[in-house]
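Here is a friendly walk through one model, from its backbone details to its ligand shell. Please keep the structure open beside you as you read.

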Amino acid sequence: MTLIASQPVQTMPAEGCTDAPVLRERGQREVFCGLTGIIWMHRKIQDAFFLIVGSRTCAHLMQSAAGVMIFAEPRFATAVIEERDLAGMADVNDELDRVVSRLLERRPDIRMLFLVGSCPSEVIKLDLSRAAARLSTQYMPGVRVLNYSGSGIETTFTEGEDACLAALVPELPAEHATAAPSLLVVGALADVVEDQFIRLFTQLGIDDVRFLPSRRADELPPVGPATRYLLAQPFLAETARKLESRGATRLAAPFPLGAEGTTGWLQAAATAWNVSAETFEQVTAAPRKRAQQALEHYRAPLTGKRIFFFPDSQLELPLARFLSRELDMTLVEVGTPYLHRQHLAEELALLPTGTALSEGQDVDRQLDRCREARPDLVVAGLGLANPLEAEGIRTKWSIELVFTPIQGYEQAGDLAELFARPLNRRDRLKV
Ligand code: SF4
């Protein structure tokens, strides 16, 4: 592995952290691979199935990462590439066709099948896009077969969702040539959160609202030049690029975390639809107040507490903005795997001037900085959280923030609770 020294990029700070210096690190990283996204994606698209074409390691990762979260028969599995396949003694494509045929016979409820590439399938150069095209021809119109890669080399775990949604974009129907503007919310959200947003948009007078991913394979939203889209998650760079190549326009906004982020996010749509300031206030005032009241409860335990983010989910900047501005937490360092300046422009502008930002990772150096700073709370992946706990540093697993419904006004209190709980738990243990 090549280690490249950290390179601070010096520019003059402007508004918030818009032009703040960012410590760029390209060393050893501690992250999960993109397969992990299947754990929440398989619950979102209710008639889809994710077939990982990988090794026993991939199967074990999924089993241990998803084990605690499976409530019904899972809609994912691993087709294990055996040694005979690796040695070229068997035709992997034939094997794959057999596995898919058995699967679709047993699970007639499947309408969309994702073949998910892994490190082993990439190593043997298995062309899953050709396999998906071949199988689609065979099983359409009943089952659509798509593919994407969840391989762990040079990725971070939320990129799995980005790759999955990006694979869906070419499948979206074209909008009608005379279509009126429609709103597309992009990024997997819990159904309860989607329902809340639909109600708010309807009250604002924005009726044609769709979601990507849709809950069912046959409800894919149309896309085209009349589509305005709002990102609900900050890790969807490739999906956004593909939507724009189909003519859609992104509405620039902060992410819908906390009362302030949710208001800014809704405001972006309201502005695009020329909703009056009075209507906007009428619709958002009550839920915004509920969110602010819910946050009040967490102010005392969180105000002034020092928090350090290791780069993991790509949610770090919006979370840091929420915690610093709505709960007065102090940001020691905000690390993110990738800093997409365009998609995060509104978040950067809202971060306190002087926030220490880092992009990428050199894990040992970052651990040294963290240990030296002795923050009150660290947000990190599972691999780092447990050793830090053993050193007496309180932690929050970043992956939990992706599984939990945290977006929107009604979830603002729950989001604060996720940060208050580890602090509270340690205080109670001390008694
Ligand atoms: S990093 Fe590669 S080999 Fe490991 S679980 Fe992920 S895809 Fe499989």
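R374 sits in the loop between α14 (363–373) and β14 (377–380); helices (H or I, at least four residues) and strands (E, at least two) are DSSP runs, numbered from the N terminus. This is a predicted model, in which local features need pLDDT of at least 70 and side-chain atom pairs count only at pLDDT 80 or more, while totals for chains, interfaces and linings use all residues. Residues are numbered from 1 along each chain as its sequence is written.

The phi of R374 is near 45°, a positive value in a residue other than glycine. R374 counts as exposed, because it has 12 C-beta neighbours inside 10 Å. (By C-beta atoms placed from the backbone, a residue is buried with 20 or more others within 10 Å of its own, exposed with 12 or fewer, and partly exposed in between.) K125, in the loop between α5 (119–123) and α6, also has a positive phi, near 55°. K125 is exposed, with 6 other C-beta atoms within 10 Å. Most residues other than glycine have a negative phi, and most peptide bonds are trans.

## Two cis peptide bonds

The bond from M140 to P141 is cis, with omega near 5°, and P141 belongs to the loop between α6 and β6. Another cis bond, from L212 to P213, also has omega near 5°; P213 is found in the loop between β8 (209–212) and β9 (227–231).

## An open parallel sheet

Four strands form an open sheet in the order β4-β3-β5-β6, with parallel pairing; strands pair if DSSP finds at least two bridges between them. β4 (76–80) and β6 (144–149) are at the edges with a single partner strand each, so one side of each has no neighbour in the sheet. From one strand to the next, the twist averages 25°. (Axes are lines fitted to C-alpha atoms, for helices over the stretch in contact, and angles run from 0 to 180 degrees between N-to-C directions.)

Six bridges join β5 (residues 112–117) and β6 in the parallel sense, and L113 stands opposite V145 in β6.

## The ligand shell

Which residues surround the ligand? They are C33, L35, G54, S55, T57, C58, L61, S118, C119, G150, S151 and G152, where near means a C-beta atom, placed from the backbone, within 6 Å. Helix α2 (residues 56–66) gives the largest share of this shell, three residues.
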